[in-house]
Each structure stands twice: as structure tokens, then as C-alpha cells.
Amino acid sequence: MNRTYELMFIVRPDMAEEDQDKLISTLENAVTSSSGQVKSVERMGKRRLAYTVRKFHDGIYVLLTVEGGGGLIHELERRLRVTEPVIKFLTVRIDEEQKRLDKIKAIKDAKRKAAAPAPAPETGGEAPAATA
Amino acid sequence: MADETRSSESSSSSDRPDRGERRPSSRPGGPGGGREGGGGGRKYFRRKKVCKFCVEKIEAINYKDIRLLAQFVAESGRIVPRRLTGVCTPHQRRLSLAIKQARNIALLPFAGRAA
């Protein structure tokens, strides 16, 4: 059962860089130990929160893309919940949306290919924009 | 031609949030104006609203794309209804889901301005 999830979590703004690294690596270990796979880790940096969370106005956003089953997500969320510096997290399943987008893209590409053998390259570039 | 529609669309979308606030108060005036002109229909011209996502072919409505989502959130934090924005039903559905996800992770406010 392989699904792709996006875990976004916010840690408190005063958390040291090393502590963040430690937290991320423990999460990565948790993923790999339950036969999952970490696709990417993205630090989105410090951002202003839209509303106060645990009396914080800012937070450091981290985005983790993970492949694995539901059990893995359960474990990761449990870990995030008990980790004190994490003030908020959100998990979103993205594989189905990605599948949908890929499908749309494939259709678009096919259409473009069909429209490509148009007379001039310039009009050929414009035609798909008007018809697609 | 495509550029022209796009530029006018983006300019109208930028003032959209406050338009959403203003509309309800101006609306009662609309039918009154119609009555004044007799059976001649509406007095003012309203541009046909089009779905931004259909026109600009934006397929991905992601909760991380706050700049996109913020165009459809009023100053008060409300999701602007599609009768004001002209977004089509399938896109409004995705849009509202994305906005709610963004609210959950403190990217967008539940109520009020992002503080």
C-alpha cells in the first residue's frame, strides 16, 4: 500500500537549527523503519502565522513528502504530537491529486502534439492556447 | 487577444475581496433601479464573470499557494462565494478545500486579517 503524503509542520520560531535537523532525522528514521520512503524535505523557513498558535506569532515551516501506508502516517503524527517544539502539523494525501494532474497533463500534451503540425511555428504555438 | 482577457481578469480579481464586502449593501439598490427604468431590465452593465481557473487553465489548487487562495478570501477571512467571483462549481469545491487546509496550518486566517 503505497501512498504519497505531504506532512507540513510548524516548529516554534526559537528552535535551533541543530534541533530541527535532529527532529527531521528522527522522523526520517521513523519513516524508513516502517518501510516507507522520504521523497523530499523542504524547509520553508520562518513565516508569520495567520493566527496565534500557542502564543506564537511566527513559526518555522517544514514540509516532508513521504511515501508509505496509513500506519506510517499514524506513527508520524503521533511523534509530531508528542514532540514539544512542534506547534502545528497537517498531513495531506497527494497521490490521487497528482494522478489527476498527470492525466490532465497527458491529455494536454496529446492535444499539443496533434496541433503541432500546424503551418507556421508561431501560429502553431498559439493554436493550442486558443483551443485547449 | 488572450492577453487582453487575462489582464482584465487579473485586475478584477485583485479588487475582488473588497468587492465581496461591498456587494451585499449595493444589491438592494439593483432591483430598485430596475423598477425605476420600467421593464427595461437592468440599468447597469455587468461584465460576465468567468472562472479564473478555467480561463487561465490553473489545474492545481494547492493549499500552499497562498497568493492564489488569498484572491478568493475576503478581508474578513471568509471564502468569497462563487456568485461573486464567478468560479465554476468544480473549481470552487477544490478551492474551498484548499483554503480550509491552508487555514488549518495557519497559512490563512480563520477569521479576520492575517495578523
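The model is a predicted one.

Helix 1 (residues 17-33) of chain A packs against helix 2 (residues 70-82) of chain A at an angle of about 155 degrees, and their axes are 10 Å apart. Angles over 145 degrees count as roughly antiparallel, and therefore helix 1 of chain A is roughly antiparallel to helix 2 of chain A. The crossing of these two helices of chain A is right-handed. The residues that make the contact are listed by helix below.

| Helix of chain A | Residues in the contact |
|---|---|
| Helix 1 | Leu27(A), Ala30(A), Val31(A) |
| Helix 2 | Leu72(A), Glu75(A), Leu76(A), Arg79(A) |

By class, the residues of this contact between helix 1 and helix 2 of chain A are five nonpolar, no polar and two charged. In an α-helix there are 3.6 residues a turn, so residues three or four places apart point the same way.

Between the chains, 14 residues of chain A are in contact with 14 residues of chain B. On the side of chain A that touches chain B, at least two residues each come from strand 1 (3-11), strand 2 (37-53), strand 4 (86-93), helix 3 (95-115) and helix 4 (121-131) of chain A. Strand 2 of chain A gives the most to this side, with four residues. The residues on the side of chain A that touches chain B comprise 12 nonpolar, one polar and one charged.

Note on methods: Residues numbered from 1 in each chain as written. Chains lettered and ligands numbered in written order. Predicted model: local features only at pLDDT ≥ 70, side-chain atom pairs only at ≥ 80, totals over all residues. Contact = placed C-beta atoms within 7 Å. Nonpolar A, V, L, I, M, F, W, Y, C, P; charged D, E, K, R; others polar. Axes fitted to C-alpha atoms, helices over the stretch in contact; angles between N-to-C directions. Parallel < 35°, antiparallel > 145°, perpendicular 65-115°, else oblique. Left-handed = near helix turned anticlockwise from the far one by under 90°.
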